[in-house]
Amino acid sequence: MKRSVWVIFLSAALVVSGGGLLVFTAVGGFDQPEPDRPQRPTVASSNRTATAGSATKYVFPVAGCRADASQSHHDYPASDIFAAKGCKFVSPVDGRVDEVTLVDTWDQKTNVGRDRGGLSVSVVGVDGVRYYGSHLSAVEVEPGRVVRAGQTLGLTGKTGSAQGTPPHLHFGISWPTVAGHWWIRRGAVPPQAFLNAWHDGRQLSPVATVAKAKRSYGVDRACRSYC
């Protein structure tokens with residue numbers, strides 16, 4: 001696989017508003033998008049993890065567009081990063097693609113928890129943390145692929161329960177689980193401090209926070225809230 005060298009120039013402007021949003025602008029150079037791949041009606045996963053290097057690099061997960069990241073989230077820890085449809089959702093870290101959802105099966109009448117994300121991608125980073133993005137309009141990777149920080153995983157959109165909202169990336173941080181544990185995958189640790197740091201170019205790691213949250217969570221038997 002051809003390796004890409006990424007150079008990202010980031011600038012940020014803080015906008016104080018009643019919606020509690022931190023406004024980000026990301027401008028930079030990116031490699032050319034990969035050719036479109038046929039979409040398959042499946043949810044697949046890979047439990048393998050890429051090998052960690054001597055240092056872990058983190059980047060903001062929306063590239064090439066203005067993005068408004070919520071500083072809070074309903075019911076469970078996550079952030080909704082509002083951006084125009086078609087912006088790049090990029091891997092926040094070197095890692096390996098974990099679970100991928102290629103078909104939007106969400107129905108407003110039933111609002112089943114496992115379907116709310118629509119099209120989605122999760123990556124298990126070299127740091128052992130899982131990063132999840134959903135409501136995508138397109139997916140550009142498959143389970144098991146090794147990815148670099150800043151590499152495109154998909155495009156922002158409004159699939160799943162975002163159909164009635166402006167397009168955005170739902171972004172969650174958690175510990176890895178077996179396939180299908182969507183209630184953990186969607187977000188188990190508040191990501192705001194890490195998003196803010198990565199946007200500013202600071203390499204703040206969520207590893208210790210995620211480990212502490214996992215210990216506090218205890219035995220994982222099923223969804224506990226907003227199921």
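Colleague: Which ring does the charged end of Arg-116 sit over?
Modeller: The ring of Tyr-226, with the charged end of Arg-116 3.8 Å from its centre. A charge sits over a ring if NZ of Lys or CZ of Arg is within 6 Å of the ring centre and within 35 degrees of the ring normal. This is a predicted model, where local features need pLDDT of at least 70, side-chain atom pairs count only at pLDDT 80 or more, and totals for chains, interfaces and linings use all residues. Residues are numbered from 1 along each chain as its sequence is written, and side-chain values use heavy atoms, leaving out hydrogens and water.

Colleague: And what lies over the face of Tyr-76?
Modeller: Arg-186, at 3.9 Å from the ring centre.

Colleague: Changing topic, how many aromatic pairs does the structure hold?
Modeller: Eight. Rings of Phe, Tyr and Trp (its six-membered ring) pair if their centres lie within 6.5 Å; planes under 30 degrees apart count as stacked, over 60 as edge-to-face and the rest as tilted.

Colleague: Why is the pair of Tyr-131 and Phe-171 stacked?
Modeller: Their planes are at 25°, with the ring centres 6.5 Å apart, so the pair counts as stacked.

Colleague: Is Phe-171 buried or exposed?
Modeller: Phe-171 is buried, at 0% relative accessibility; buried means under 20% relative accessible area, exposed over 50%, and partly exposed in between (1.4 Å probe, protein chains only). Phe-171 also forms an edge-to-face pair with Trp-198, at 6.5 Å centre to centre and 90° between the planes.

Colleague: Which residues do ring pairs link into a cluster?
Modeller: Tyr-58, Tyr-131, Phe-171, Phe-194 and Trp-198.
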